[in-house]
Amino acid sequence: MASHYEAPIRKPLVLGDKSYHDVSVDIAAPVEGRANKHWWIVFSIALAAFLWGIGCIIYTISTGIGTWGLNKTVNWAWDITNFVWWVGIGHAGTLISAVLLLFRQKWRMAINRSAEAMTIFSVIQAALFPVIHMGRPWLAYWVLPIPNQFGSLWVNFNSPLLWDVFAISTYLSVSMVFWWTGLLPDFAMIRDRAVLPFQKKIYSLLSFGWTGRAKDWQRFEEVSLVLAGLATPLVLSVHTIVSMDFATSVIPGWHTTIFPPYFVSGAVFSGFAMVNTLLIIMRKVCRLEAYITVQHIELMNIVIMITGSIVGCAYITELFMAWYSGVEYEQYAFLNRATGPYWWAYWAMMSCNVFSPQFMWFKKLRTSIMFSFFISIIVNIGMWFERFVIIVTSLHRDYLPSSWSMFSPTFIDIGTFIGTLGFFFVLFLLYARTFPVIAQAEVKTILKSSGEKYKKLREAGKPLYQVSGTAVVKENVEKVEEEVEKTTEDTNKDVSSLLDSIGTFDASSQSANDLKKVKGIGPKMEKTLNQIGIFTFAQVSRMTEKDYNLLDSITGSFPGRAQRDDWAGQAKKLNNK
């Protein structure tokens, strides 16, 4: 009991009357069942945006990067803005998982998987922009140090852009190993629940032979800790190196030592906002409200509020250093940002990144799902404007007035960026239908300490081993009885509706069949079907999708299995023999 104790003041992290079996069923449901309407709506929008982006990329490569709004001064504007924005978003995912694992934070369990996946998919989007900017990506091997007709061709190791390649590729590889390692117990769970032989074979390969032995768990813990220890400094180093793309130059507004911590805090800020956006969408689309709770959203909002304040301090420090330096070029660069032609971008950045997170000081607002979703999107818009302001406003007014110019994105610029947004969400939604979006094995480790049912049992002074599968401990016994009565009435209605559709069994004129001959129906399920009033192959053969859903709601076990195994088709063949 002592090992499962948690202070009553702490809110539960798993809501509802959840048992260990319920956790497996709920988390496996998006993978095993069919996609719901919400998933298809979001996926269709994301796919349309992705296809639009593909068209813009093909047009750019076939025509040349002159299709972008480039000019002699602002030569990487939209491209590098999107590159740095995506790299920033990729930071928080692994950071959330790694740091919270090292600090043993329980609220990590429900959000780490989606956060780690976000890292992988956002770094893929970031990598697209330098590849497109090469102009001839099919000749990318020319940048590799390989023998060629011109002798040994080596890349310029003094270039910060090359540092980016090494830093980001290292970060991506460590993040992928960290993500995959955490998935192994969940792949094994899907493998053991799989019905189709092909599905079982695929998840067997993905799980790397996971058996759940003590040795497996020992290695899992050791590898997870080592990778978390590696990933945490990598998060800091990667965006530090990205910041050096700018800080090592002599352009006013860039040549400053504050950029490394400034960029890292901004990356964590935007990454947490994107994680919040994805979690709010996933809890609705995958029906995971019991596992991704308001408590998780509130804690994420607190981090956004803190990192937003750090970013605000960085903005003020930049302004102070420009004034204190006495360098007229630096002073003009910052004055031009706030009052020049791109003043609207500067103040959009300040409003979104500095002012909007301060609403999270109010508990009512930071615990509101809709307001949290709105602010998370606002923050990501603001962080995009931050990169735009840093790059464009510093380049379009250089040392020489003769080189001053204005930048305007073209239709292709905008379409390519929207395409990467669509690609990101397409990957994430497909991932949600293929991989468990929550670490079920890790959620089970906190169930007895942070599960709502077990916390109520402790408050009532009941031992945990006396928990039944459906009992809910409440102070008001009458309310429980009313709920049980209402549930019984609803179940009786479902049973009547099901039997009206498939027919009833008359013991005087009909003989019962051995329903266990239908694949997927075992002795326990046959007994359950008999209790409902289903005894014959003829009844089972009449089942439609609506009847399958009714059966799932009545039995409450293995949702979607009857439809996946095609009980009606099997029963029809057995009935005709």
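Modeller: Start with aspartate 216, which has a relative accessible area of 11%. The model is predicted, so to speak, by rule: local features need pLDDT of at least 70, side-chain atom pairs count only at pLDDT 80 or more, and totals for chains, interfaces and linings use all residues. Residues are numbered from 1 along each chain as its sequence is written, and side-chain values use heavy atoms, with hydrogens and water left out.

Colleague: Why is aspartate 216 called buried?

Modeller: Buried means under 20% relative accessible area, exposed means over 50%, and partly exposed lies in between (1.4 Å probe, protein chains only). Aspartate 216 has 11%, so the residue is buried.

Colleague: What makes aspartate 216 and arginine 213 a salt bridge?

Modeller: A salt bridge needs a side-chain nitrogen of Lys or Arg within 4 Å of a carboxyl oxygen of Asp or Glu. For aspartate 216 and arginine 213, the closest N and O atoms are 3.5 Å apart. That meets the 4 Å limit, so the pair counts.

Colleague: What is the general idea behind such pairs?

Modeller: Side chains of opposite charge can pair when their charged atoms come close.

Colleague: How many salt bridges does this rule give?

Modeller: The count is seven. One of them joins lysine 363 to glutamate 298, with the closest N and O atoms 2.9 Å apart.

Colleague: Where in the chain do lysine 363 and glutamate 298 sit?

Modeller: Lysine 363 is in helix α12 (residues 363–366), and glutamate 298 is in helix α9 (residues 294–325). They are 65 residues apart, so this pair links distant parts of the chain. Helices here are DSSP runs (H or I, at least four residues), strands are runs of E of at least two, and both are numbered from the N terminus.

Colleague: Are lysine 363 and glutamate 298 buried or exposed, or something in between?

Modeller: They get separate labels. Lysine 363 has 43%, between the two cut-offs, so this residue is partly exposed. Glutamate 298 has 6%, so this one is buried.

Colleague: What makes Glu298, Lys363 and Arg366 one network?

Modeller: Shared partners do. Salt bridges that share partners join Glu298, Lys363 and Arg366.

Colleague: How do you know that arginine 113 and aspartate 186 form a salt bridge?

Modeller: Their closest N and O atoms are 2.5 Å apart, so the pair passes the rule. Arginine 113 is in helix α4 (residues 112–133) and aspartate 186 is in helix α5 (residues 160–193), 73 residues apart. Arginine 113 has 0% relative accessibility, so it counts as buried. Aspartate 186 has 1%, so it is buried too.

Colleague: Why is phenylalanine 208 called exposed?

Modeller: Its relative accessible area is 62%, which is over the cut-off, so the label is exposed. Phenylalanine 208 is found in the loop between α6 (197–206) and α7 (214–247). It has a positive phi of about 55° although it is not a glycine.

Colleague: What makes a space a cavity, and what makes it a pocket?

Modeller: Both are sets of points on a 1 Å grid over the protein atoms alone. In a cavity, a 1.4 Å probe fits but cannot get out. A pocket is an open set with protein on both sides within 12 Å along at least five of seven lines. Lining residues have an atom within 4 Å of a point.

Colleague: How many cavities of 30 Å³ or more does the search find?

Modeller: Two. Volume is the space filled by probe spheres set on the points, which are joined across faces, edges and corners.

Colleague: Which residues line the largest cavity?

Modeller: Among them are Tyr262, Phe334 and Arg337. The largest share, three residues, comes from α9.
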